[in-house]
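Work through the following exercises with the sequence and the 3D structure before you, and try each task before you read its solution.

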Amino acid sequence: MGASGPRLEGLRRRQLADSYQAGGEHYDRIRPGYPAEAVHWLLTRPGVPDAPAVRDAADVGAGTGKYTRELRAAGLNVCAVDPSRDMLDQLSRLLPDVPVRIGTAENTGLPPSSVDAVTVAQAWHWCDPVAACREFDRILRPHGVVGLVWNQLDVSVPWVHRYSRIIHAGDVLRSGFRPELGPGFRLDESSTVAWAQPMTPEDLFELARSRAFYLSAGPAAREKLQANLSWYLYEHLGHAPGEVLDLPYLTLSWRAVRAA
């Protein structure tokens, strides 16, 4: 991962992404949501007074609908797109009024000029930016926007930094990161929102087990990770089972628009 963000070769990207094809209930239960403040920022463009209101959105790589829920709460009509049927089944149980579609950023299957916004939360690093931006250009209406969003552990907090190293949290973005886009789009603005999620030490184990590294690792690597984490949380930090901790997060959002 360099200043431009995580770089994954095509085969490795598909292998890691495939690790999320199942386990939707576990993913939804343990992964963080998104602060409403971050979604509000993405949908408002105060410097563009003639920008039309965002009414229809495609949440691409929607997973179990963590970001989709916030888009719906903001009053948008949303279609959720994801390659995992298991993830979308979980989304439909929680958001039965949201239409879902098996698809990817490179091939959403949505009609041309059908949405005002495309959001990709916690999934852009799985995508081919050139092919995805070509698809977004096809499905977006004039003045449409693209939102690229990451939740990441706030590793400026020392204990969180070490925790992220133990669980191999590879999506902690370096300072100066800017998402890579395909031709035809440019980054407009960015936003960072700090917040925290209450977690127990047991939840922190479950969070580690929801990560791509753990899901794609063999038995020996999994056992080593869990042993290191047990020592760190219970012995080194001295936390008790069931103790509630605040796990600090940063939600980083970039708004992209069509290039002039």
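**Exercise 1.** How many salt bridges does a search of the whole structure find?

*Solution.* The model is a predicted one, in which local features need pLDDT of at least 70 and side-chain atom pairs count only at pLDDT 80 or more, while totals for chains, interfaces and linings use all residues. Residues are numbered from 1 along each chain as its sequence is written, and side-chain values use heavy atoms, with hydrogens and water left out. Begin with the term: a salt bridge is a side-chain nitrogen of Lys or Arg within 4 Å of a carboxyl oxygen of Asp or Glu. With this criterion, the search of the whole structure finds 10 salt bridges. One of them joins the side chains of Arg 141 and Asp 116, at 3.2 Å from N to O. Since Arg 141 belongs to strand 5 (residues 140-153) and Asp 116 to strand 4 (residues 115-121), the pair ties together parts that are 25 residues apart in sequence. Helices (H or I, at least four residues) and strands (E, at least two) are DSSP runs, numbered from the N terminus.

**Exercise 2.** Describe how helix 8 and helix 10 pack.

*Solution.* Two packed helices are described by the angle between their axes and the distance between the axes. Axes are lines fitted to C-alpha atoms, for helices over the stretch in contact, and angles run from 0 to 180 degrees between N-to-C directions. For helix 8 (residues 201-209) and helix 10 (residues 219-236), the angle is about 155° and the axes are 11 Å apart. Helix 8 and helix 10 are therefore roughly antiparallel, a word kept for angles over 145 degrees, whereas angles under 35 count as roughly parallel, 65 to 115 as roughly perpendicular and the rest as oblique. The residues in contact (heavy atoms within 4.5 Å) include Leu 204 and Phe 205 of helix 8 and Leu 229 and Leu 233 of helix 10.

**Exercise 3.** Are helix 3 and helix 4 roughly parallel or roughly perpendicular to each other?

*Solution.* First take the values: the axes of helix 3 (residues 36-43) and helix 4 (residues 66-73) come within 10 Å and cross at roughly 65°. Helix 3 and helix 4 are therefore roughly perpendicular to each other. Next, list the contact, which is made by Ala 36, Val 39 and Leu 42 of helix 3 and Tyr 67, Glu 70 and Leu 71 of helix 4.

**Exercise 4.** Over which residues does pLDDT stay under 50?

*Solution.* pLDDT is the predictor's confidence in each residue, from 0 to 100. The mean for the protein is 88, and 87% of its residues reach 70 or more. Over residues 1-22, however, pLDDT stays under 50.
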